[in-house]
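Dear colleague,

Here is the structure that I promised to hand over to you. Please keep it open while you read the notes below.

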Amino acid sequence: MKISRIERRLAREKVASAGRVHWFDTIGSTNDFVLHREDYHATVCIAGEQTAGRGRRGRHWQSAPGQGIYLSMGWDLGGAPAGGLSLLCGLVVRSVLADAGVQEVGLKWPNDVLLGSHKLAGILVEMSAGRCVIGIGVNVKLPARSASGTAVAAMPATGLVEHGYDIDLESLAANLIVYLNRDLETFMDEGFGPRTAEWDRAHLYHGADVVILGERSVRGRVMGVADDGALSLDTAEGRRVVHGGEVSLRPSAESR
Ligand code: BTN
């Protein structure tokens with residue numbers, strides 16, 4: 001990846017991340033790199049390969065060379081509440097892909113990015129001592145076994161190349177950084193509230209009957225997301241609100 005091209009674009013856009021992009025051919029985890037920097041705000045790390053890429057729920061994120069974009073960006077929320085942040089990032093990834101011509105991308109609460117029923121991208125937001133790091137992995141060209149199986153995540157994965165997309169990865173990475181900068185500035189002022197309707201429209205399970213697997217499973221119909229990113233469900237016992245964390249949404253057997 002040509003970082004100079006990305007840097008030129010960031011400078012033109014005058015975003016806070018201009019001059020703050022670090023590239024590594026190989027690294028443990030781009031999220032770790034940013035988390036451990038003093039000057040983490042708007043700092044971006046992109047790698048050709050991750051040897052210890054992390055996914056949500058303690059999973060490994062397969063990050064071999066040429067298989068994906070591995071990008072992290074730090075942000076100082078300055079004490080602003082972080083509720084809904086990871087959902088906002090899902091909207092950012094979806095917009096960037098849509099602007100690159102990948103139109104049929106949907107979201108799955110809380111922050112999976114799907115193409116058809118397969119996972120195209122994942123988002124891992126980590127907080128440590130008031131620091132926030134947003135990690136994004138976009139599948140580009142997966143080996144055949146991951147594309148059809150479950151090696152990348154708990155759901156089958158797919159990549160852009162398999163769907164016939166030949167996308168300029170530098171401009172995709174640059175757009176991720178530019179859109180994140182723009183949307184995070186607004187998020188700090190307004191929170192996630194103004195984006196909930198957009199998120200519900202993009203949610204592949206809006207109005208569907210689902211089961212949320214967690215410490216205690218919840219079965220119900222998806223009614224929408226709240227200002228803090230929680231998911232509202234209509235259940236047999238009435239309205240339930242589920243927060244992110246160690247939960248996983250599955251279509252309910254009856255709705256399949
Ligand atoms: C998920 O499980 O869906 C989240 C995957 C997040 C992967 C990205 S790749 C760049 C960044 N660095 C990491 O170690 N993880 C995230």
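Lysine 14 counts as exposed, with a relative accessibility of 72%, where exposed means over 50% relative accessible area, buried under 20%, and partly exposed in between (1.4 Å probe, protein chains only). Lysine 14 sits in the loop between helix H1 (3–13) and strand S1 (21–24), and it has a positive phi of about 55° although it is not a glycine; helices (H or I, at least four residues) and strands (E, at least two) are DSSP runs, numbered from the N terminus. Alanine 42, which is not a glycine either, has a positive phi of about 65°, but alanine 42 counts as buried at 1% relative accessibility.

Before you go further, please note that this is a predicted model, in which local features need pLDDT of at least 70 and side-chain atom pairs count only at pLDDT 80 or more, while totals for chains, interfaces and linings use all residues. Residues are numbered from 1 along each chain as its sequence is written, and side-chain values use heavy atoms, with hydrogens and water left out.

The largest nonpolar core has 63 residues, of which Ile46, Leu97, Trp109, Leu160 and Ile212 touch the most other members; such a core is a set of buried Ala, Val, Leu, Ile, Met, Phe, Trp, Tyr and Cys residues joined through side-chain atoms within 4.5 Å. Helix H5 (residues 169–190) gives the most to this core, with ten residues. The peptide bond from tryptophan 109 to proline 110 is cis, with omega near 0°, and proline 110 belongs to the loop between strand S4 (105–108) and strand S5 (112–115).

A nitrogen atom of the ligand is 2.9 Å from an N or O atom in the side chain of glutamine 50, and a ligand oxygen atom is 2.6 Å from a polar backbone atom of arginine 56. The protein covers 99% of the 420 Å² of accessible area that the ligand has on its own, an area that comes from the Shrake-Rupley method with a 1.4 Å probe.

With best wishes

Terms used:
A polar contact is a pair of N or O atoms within 3.5 Å; within protein, one must be able to donate a hydrogen and the other to accept it, and residues adjacent in sequence count only if both atoms are side-chain atoms.
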